[in-house]
Amino acid sequence: MIKDIKIPDIGEKVESGQVVDILVKVGDAVQLDQGILEMETDKAVVEIPAEDSGVITEILVKEGQVVKIGEVVARIDTEGKQQAAAPAEEAKPKTEDIPPPRVETPPVKEEARKPEPVMEQPVQKSAPIPKPAPKDSAPPKQPIDIPASPSVRHLARELGVDITKVTGSGPGGRITSDDVKHFVHHVVEDETVVPQASMTPSNMPDFGQWGAIERVPLSQVRKLISQSTANSWATIPHVTQFDEADISHVNAFIEKHKNTVAKAGGKLTVTAVLLKVMASALKKFPNFNSSIDVQNGELILKKYVHIGIAVDTDRGLLVPVIRDADKKGIVRLAMDLKDIADRTRERKIKPDELDGGTFTISNQGGIGGTNFTPIVLWPQVAILGVSRTADRLVDEGGDIVKRQFLPLSLSYDHRVVDGADAARFLRWVAEALESPLVMQLDE
Amino acid sequence: MSDTKKVAVIGAGPGGYAAAFMAADLGMSVTLIDPEVNPGGVCLYYGCIPSKALLHVAGLINESAEAKNWGVTFTKPKVNLDKLRSWKNDVVLKLTGGLGQLSKQRKLTYIKGTATFVDNTTLEITSGGKKTNHQFDNIILATGSRPATIPIAQKFTSRIMDSTRSLALKDIPNKLLVIGGGYIGLEMGTIYASLGSKVTVVEMTDGLLPGADRDLVKVLSKRVENLFEAVLLETKVSDIKEQKNGVKVEFEGKHAKNAGKLYDRVLLAVGRTPNSTGLGLENTKVKINDRGFVQVDEQRRTDEPNIFAIGDVTGEPMLAHKATHEGRVAASVIAGKTAAYEPKAIPAIVFTDPEIAWCGLTEVQAKKENRTIKVARFPWAASGRAASLGQTDGVTKLIIDADTDRVLGMGIAGHGAGELIAEGVLAIEMAATAEDIGLSIHPHPTLSETIMETADLLYGLSTHYHRPQKK
């Protein structure tokens, strides 16, 4: 029996996405839940699974195509057997001929404690990235269609403004120099457009004049990171507070209980413990679990604690969220953490799972480094950066003992949090890591 | 090593010398290479300037003949060809000599010679029989174009002339055949006809000046009927044979039968071919398209990032003023400025009698692009100045965007059209509306008023031409 494979509802806000990779070809035998294609939405890349086992008889979409929820993307013969050579294949677009745009990487072990070479992935040079279907079929504007004088066009070029985006205020829609300047101000104010304006090619030097270059299209994820970080950076007055915590006891604790947690399907790591500690800290210091509403002059305090975890994937940084971290024990947090990080790397995270975080932890301990200054993920107001644990000899009442210190960096929004509060917050976190009973003092 | 950029410009035509001067003015160390003694290129030596000098004389002859209608009769003019030729040559010498002076004042190195590419930064310069290699940071290719040939006439001789030979003005042939009804053919035909030749123009398509709006061409066509012996449209030259007593020409097409067969001279004016070969470009990454034009981007940069190309060698329209603008863009870009070649209107002028000029969008082009436009056409019969000049057959037209009333194109056929067209260019570049033009006071009594009245006509409000608006 031939059945349709449709794009399932993958989250309340997602209506469509772009096919980035087709994982099967006509004639392939697929199993239930096997990935058919990968679709990139505004928020994440989602793998669309087969809902039945069988043989793929037809693929109706191409890489780069935009598909809607409910759209039939392929057909499957649930009673079919794999054919040596599928005759129907010839007539279909040979999607397999197009090398996939993504770069395959071995699955990165979640929370690798050992320094792993998680460097930037080399970009495949030969892979032609399929061009996305043009959203607007209108032909590109000719110079004569741009109602601006040569000097105004020159001004726009100097300011890196795409003059075709500027609305003219003069007769016949004529663009004045004031219109261009106003556009620039508007762009600076309008946070969402900032990264685009700063990415316009016209204010870039021509790098080709100094040697060979290659242009690689930004992935959707990269574009989102670029927008989101630029927005955060432009909006939030950042300050970063540094501290460190003696986590010798935490490490001993992890050593002791890791097998128990592993049996439950989780992985006990410093991040898992930190999730617990941070959840308590956010309850103790509610301002760090807030958002600032500048327009209405209000601070929005959230009565829930959803902690985002920065996950390094082959597509770039993604931040899946662990819900209600304050209501969960360490074992559960360790399980959730492994699950969500694994699925993020395997591109199976749902867009909704990237939403709603109230605080973020970015742990680079697996890679190294002594300290770093993370960027707050707007509209959150703080983020904890964690670097590599360092061994240090400590004089403990005359005995020289080896202790492990965890470097902590807390970046925060100074509009909401003052330096003293940040110092107190981070000190509390360090003390809670050193002697967990601190967390129970108020409860 | 100094930080000063070393720039070479190959070719000193209006594109090349403008680029070189601009580069020198922007502080770069410039070498300008050209086979002539002084800068000028085809435009000054064998094109725009000498042809306009001769066309001025042609106009004088024609107008003095017309004067009998106004009560003034001249005797038939006697042409001292040697003196005319030397006056024309003097004009050329004076202007090119001036450019040589300007080069010296700018302290640029002018080399009379030729250059070929060894690689993207090295030129082998041949000058005075010596070959030397020179290094440059940037090179601007401004080698221009040359008259095109056709399969049946692959070589130019004293009888089968190109525009250069025809401008040399060796003699005034009794019978001249001009192959090609484009601007070069018509301008040269006008010169020779005025000097006394019986001129026949043969054109393959169904009208003179292919590509230009027909209403403008119509004005010219009527006049050349009197000036020329014959205009053979939709007719092709199938064979040319040089004989002792002249050139024997065979035709095919519409007027094949009633065409004369023997001409004293033939002028081949079928277009121009870019000079993109023999330059060693194969030693660089510079790309040439199938029509022989060097491929450049908006900044006039070739596929070899440090090499730029400007002017005729980069493509149509092959016009001096376009080359000049491109040259200045390329020099600015090399100087690190944010310049781009993005004209909205490039004026084109045919210096016939009467002149025809247009810029921006033509009606033909608008139709091709399916644009919604409005066209306003003002007949010069309603112009006081045209009447006082005895030039009432002219026409001024504006091509207007139907939604915004912005001026997208302008066309003029009539006396002095070439001088008038600049207003259209400015209006288009400034994104002026028809109303802007109508509300700008134009001097009376001049032909420029026709532009203002054309704009007014769009709203049915022209003072001197009554055409009520449709209700």
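Biologist: How many bridges join strand 20 of chain B to strand 23 of chain B, and do they run parallel or antiparallel?
Modeller: This is a predicted model, to be clear. In it, strand 20 (residues 356-360) and strand 23 (residues 407-413) of chain B are joined by five bridges and run antiparallel. One pair to look at is B:Gly360, whose bridge partner in strand 23 of chain B is B:Gly409.

Biologist: What packs on that sheet, and which strands does it touch?
Modeller: Helix 11 of chain B does, and it touches strand 19, strand 20 and strand 23 of chain B. The direction of helix 11 makes about 10° with that of strand 20 of chain B.

Biologist: In what order do the strands of the sheet come?
Modeller: The order is 19-20-23-22-21 in chain B, five strands in an open sheet with antiparallel pairing. Strand 19 (348-350) and strand 21 (373-379) of chain B each have a single partner strand, so they stand at the edges with one side left without a neighbour in the sheet. On average, neighbouring strands of this sheet are turned by 10° against each other, ignoring direction.

Biologist: Which strands does helix 13 of chain B lie across?
Modeller: Helix 13 (residues 449-458) of chain B lies across strand 21 and strand 22 (395-401) of chain B. Its angle to strand 21 of chain B is about 130°.

Biologist: Switching to the chain contact. How many residues of chain B are in contact with chain A?
Modeller: 20 residues of chain B, and they are in contact with 17 residues of chain A. On the chain B side, the elements giving two or more residues are helix 11 (417-429) and helix 12 (434-439). By type, that side divides into eight nonpolar, five polar and seven charged residues.

Biologist: Now helix 3 and helix 4 of chain B. At what angle do their axes cross?
Modeller: At roughly 140°, with the axes of helix 3 (residues 48-66) and helix 4 (residues 81-105) of chain B coming within 9 Å. Helix 3 and helix 4 of chain B are therefore oblique to each other, and their crossing is right-handed.

Biologist: Which residues meet there?
Modeller: From helix 3 of chain B, B:Ile49, B:Pro50, B:Ala53, B:Leu54 and B:Val57; from helix 4 of chain B, B:Leu84, B:Lys88, B:Val91, B:Val92 and B:Leu95. The contact has nine nonpolar residues, no polar ones and one charged.

Biologist: Is strand 1 of chain B mostly covered or mostly exposed?
Modeller: Mostly covered: four of the five residues in strand 1 (residues 6-10) of chain B are buried. Strand 1 of chain B runs parallel to strand 2 (residues 29-34) of chain B, with five bridges joining them. B:Ile10 stands opposite B:Ile33 of strand 2 of chain B.

Biologist: And why is B:Leu389 partly exposed rather than buried?
Modeller: B:Leu389 has 17 other C-beta atoms within 10 Å, so it counts as partly exposed; buried would take 20 or more. B:Leu389 lies in helix 10 (residues 384-389) of chain B. B:Leu389 is 26 residues from B:His415 in sequence, but their C-alpha atoms are 8.6 Å apart in space.

Biologist: What about the sheet in chain A, what is its strand order?
Modeller: The order is 1-8-6-3, four strands in an open sheet with antiparallel pairing. Strand 6 (residues 54-59) and strand 8 (residues 72-77) of chain A are joined by four bridges, and A:Ile56 stands opposite A:Ile76 in strand 8 of chain A.

Terms used. Residues are numbered from 1 along each chain as its sequence is written. Chains are lettered from A and ligands numbered from 1 in the order in which they are written. This is a predicted model: local features need pLDDT of at least 70, side-chain atom pairs count only at pLDDT 80 or more; totals for chains, interfaces and linings use all residues. Two residues are in contact if their C-beta atoms, placed from the backbone, lie within 7 Å. Ala, Val, Leu, Ile, Met, Phe, Trp, Tyr, Cys and Pro count as nonpolar, Asp, Glu, Lys and Arg as charged, and the others, Gly among them, as polar. Two strands pair if DSSP finds at least two bridges between them. A residue is buried if 20 or more other C-beta atoms lie within 10 Å of its own, exposed if 12 or fewer, and partly exposed in between; C-beta atoms are placed from the backbone. Axes are lines fitted to C-alpha atoms, for helices over the stretch in contact, and angles run from 0 to 180 degrees between N-to-C directions. Angles under 35 degrees count as roughly parallel, over 145 as roughly antiparallel, 65 to 115 as roughly perpendicular and the rest as oblique. A crossing is left-handed if the near helix is turned anticlockwise from the far one by less than a right angle, and right-handed if clockwise.
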